[in-house]
Amino acid sequence: MQVTREDLNPCTIKLTVVCEPEEVKTGFEIAFRKLTKKVRLPGFRPGKAPKGMLEQFVDSQDLKDAASEEIVLKLYPKAVEHESLDVDRTTMPQLTINEIDKGESKCEFTAKVPLPPKVELGDYNALPVSRPSADVTEEEIDFQIAELRKRGGTREAVTDRGVEEGDMAVLNLKPEGVEGDGRNFMTIAGQTFPQLDGAIMGMHVEEIKNILVTFPENFQEKDWAGKTYEVQVTLNSLSGVRLPELDDQFAQSLNTENVDELRIRLREAIGSAKQQMIKQMVHEKLVDELMTRSQVAVSDNMWENLATRRLNELAQEQAGNGKTLEAYAKENGMTVEQFAHAWRDKAKLEVERALLIQAVFSGEKMTVNEADLREELIILAKELSVNPAELLEDMSKNNTIEELHFRALSRKVGDFLLASADVTLAS
């Protein structure tokens with residue numbers, strides 16, 4: 001075995017391993033025996049038939065794959081030992097077969113070996129940070145009241161005005177040259193696509209107009225998607241939301257005595273929410289400032305594995321919505337390569353920040369107890385608008401309880417940094 005070493009960074013070592021012919025032969029022999037162990041031929045015990053007879057039952061690619069695994073499992077630890085590497089056992093190495101040939105008894109593989117992360121904490125006392133005001137404005141209260149009125153609104157037919165944003169419209173679209181009477185669509189004005197949204201604004205029921213339209217690539221009617229047509233648009237029906245009056249009766253429907261009490265309650269709720277958001281933002285700013293004062297090195301394996309997992313999860317999520325990752329990236333103005341690169345950068349930063357937070361937590365000998373975890377569970381459940389018990393059951397089922405622990409840990413570190421921070425009010 002010949003080993004060539006390349007130091008990619010302080011925590012990532014690349015080893016290129018060229019195997020000896022005997023090591024390759026042994027790997028293929030072991031793989032062959034395992035693959036044929038359950039092959040049954042008349043007159044022979046399982047796996048005991050002549051090799052020439054058994055070979056016809058083994059796929060060549062399966063044999064290569066199995067031999068590669070045998071060779072790497074045996075020689076990777078030896079290569080690591082040969083270079084006296086202190087491997088990070090919590091992170092998987094990245095192993096790549098460059099060449100494997102049974103006939104010539106050749107095998108070469110590379111191993112991207114993760115070493116433990118290195119964190120040199122900077123001074124985290126009196127970190128400077130600015131925070132916005134948590135004062136609640138009248139405009140913020142008015143906005144929340146408007147949202148509450150929308151929720152309590154009732155939808156009714158509109159006949160005395162044209163289309164406005166947010167109205168529900170039933171449209172008939174008939175492209176020129178396409179046979180039939182057109183196709184009907186129910187849509188929310190302002191939520192279709194720019195050309196159609198712009199055309200229907202102000203239209204009245206039974207009004208007809210012709211427009212030139214290029215349908216989006218993801219349009220629901222696949223035979224129209226991406227094509228340009230002269231389209232006849234007919235507004236068949238229109239309905240809008242009638243808002244309840246802002247009076248004491250409306251306030252009482254929200255369990256308050258009158259409008260004045262409703263505004264007081266909203267001021268308290270908005271203030272509490274702003275305090276939480278500002279606190280979280282300040283925590284992040286403090287960690288960012290500490291990052292500039294510290295030195296953090298991690299193996300490529302650690303953040304690349306995270307990026308790959310996140311991208312796979314996102315791809316599965318989009319597939320569930322009938323969309324490819326390429327289409328999703330395009331909607332966000334990127335190629336899938338650019339999208340993946342952005343996620344890799346994000347994953348690297350997430351890992352570095354997590355290690356920095358963990359270093360402060362350990363250095364200050366902090367602990368997370370059951371009460372901390374319960375509090376964090378309630379906060380997370382509120383953020384996701386789910387029942388805490390259901391969330392806990394779901395996290396246990398998906399083995400993500402550790403995420404809850406890290407959130408609690410992070411909150412403690414953030415509070416600790418904030419307690420000694422040099423805080424100024426943003427202008």
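Please keep in mind that the model I am presenting is a predicted one.

K25 and E22 form a salt bridge, and their closest N and O atoms are 3.8 Å apart. How exposed are the two partners? K25 has a relative accessible area of 39%, so K25 is partly exposed. E22 has a relative accessibility of 52% and therefore counts as exposed, because the cut-off for that class is over 50%.

I turn now to helix 4, residues 138-151. Both E147 and K150 belong to this helix, and they too are 3 residues apart, about one turn. The salt bridge between E147 and K150 brings an N and an O atom to 3.4 Å at the closest. E147 is partly exposed, as its relative accessible area is 24%.

E164, with a relative accessible area of 43%, is partly exposed. R161 also counts as partly exposed, at 23% relative accessibility; a residue is called buried under 20%.

Which residues are linked in a network of salt bridges? They are K112, D300, E304 and R344.

Finally, how many salt bridges does a search of the whole structure find? The search finds 29, including the one between K25 and E22 with which I opened. Thank you for your attention.

Definitions and conventions: Residues are numbered from 1 along each chain as its sequence is written. This is a predicted model: local features need pLDDT of at least 70, side-chain atom pairs count only at pLDDT 80 or more; totals for chains, interfaces and linings use all residues. Side-chain values use heavy atoms; hydrogens and water are left out. A salt bridge is a side-chain nitrogen of Lys or Arg within 4 Å of a carboxyl oxygen of Asp or Glu. Buried means under 20% relative accessible area, exposed over 50%, partly exposed in between (1.4 Å probe, protein chains only). Helices (H or I, at least four residues) and strands (E, at least two) are DSSP runs, numbered from the N terminus.
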